[in-house]
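The sequence and structure come first.

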Amino acid sequence: MQFEITTEEMAKAKVPHELFLTNLIGNHILWFVASLGIVNSMWQPLAMVPVVSVIVLLYTIMRAKKERDQAVSWYVMCHWQMAARRSMVFLGVICLLLVISGLGWVGYTHLGMMKVAVLAMIGGIGLLPTLVSVLVLIVMESDAMHQAAQGKLSKGTFERFPNSDVVVLDEN
């Protein structure tokens, strides 16, 4: 659905998607790959990936709540809600990765599992879903950012946050 939205509101509506994409691309792809190269000598840069990500995701969720409570701009608020909903999903994926990693550590240190088996478990059950969700969320957020710049909103989001005062230009 396309709405009559000011260019200022469109620019503000892009912010949550830009933040989310920066986290996904800059942190989870670029920083992760760069820190993998030095993980044998320094593990701290690799450990910063989930820490930075959780901080950005929690900020997005808290900011979305603030936007919903203040409701300065309905359109901007809707886009923050979209980003917050996806942030919650990604937070769940990160928690799954941490749980699987913790179970792998327990299996290796206390249950006598082989290192290769633990790494395969962490990679297959923990890292693979995380990487797939990063790629899917990059596509979804790129589309959402494009929609924000066009004054568009999905029908589902409009139904979740209805506004009778907004002018609808196109219902497709």
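Rings of Phe, Tyr and Trp (its six-membered ring) count as a pair if their centres lie within 6.5 Å; planes under 30 degrees apart are called stacked, over 60 edge-to-face and the rest tilted. By this criterion the structure holds four aromatic pairs. The model is predicted, and local features need pLDDT of at least 70, side-chain atom pairs count only at pLDDT 80 or more, while totals for chains, interfaces and linings use all residues. Residues are numbered from 1 along each chain as its sequence is written, and side-chain values use heavy atoms, with hydrogens and water left out.

Two of the aromatic pairs are listed here.

| Pair | Ring centres | Planes | Class |
|---|---|---|---|
| Phe3 and Phe158 | 5.4 Å | 35° | tilted |
| Trp74 and Phe158 | 5.9 Å | 90° | edge-to-face |

Helices (H or I, at least four residues) and strands (E, at least two) are DSSP runs, numbered from the N terminus. Phe3 belongs to strand E1 (residues 2-3) and Phe158 to helix H5 (residues 155-160), so their pair ties together parts 155 residues apart in sequence. Trp74 is in helix H3 (residues 74-109), so its pair with Phe158 in H5 links parts that are 84 residues apart in sequence. Phe3, Trp74 and Phe158 form one aromatic cluster. Both Phe3 and Phe158 are buried, and Trp74 is buried as well; buried means under 20% relative accessible area, exposed over 50% and partly exposed in between (1.4 Å probe, protein chains only).

The axes of helix H1 (residues 7-36) and helix H2 (residues 44-70) come within 9 Å and cross at roughly 175°. Such axes are lines fitted to C-alpha atoms, for helices over the stretch in contact, and angles run from 0 to 180 degrees between N-to-C directions. H1 and H2 are therefore roughly antiparallel, a term for angles over 145 degrees. Among the H1 residues that meet H2 are Phe20, Trp31 and Phe32, and the H2 side includes Val49, Leu57 and Thr60; contact means heavy atoms within 4.5 Å.

Ser87 is found in helix H3 and is buried, with a relative accessible area of 0%. Leaving aside residues up to four places away in sequence, Ser87 touches Phe20, Leu57, Thr60 and Ile61. The C-alpha atoms of Ser87 and Ile61 are separated by 6.9 Å, and the two residues are 26 residues apart along the chain.

Ser73 lies in the loop between H2 and H3. Ser73 is buried too, with a relative accessible area of 9%.

Methods
Parallel < 35°, antiparallel > 145°, perpendicular 65-115°, else oblique.
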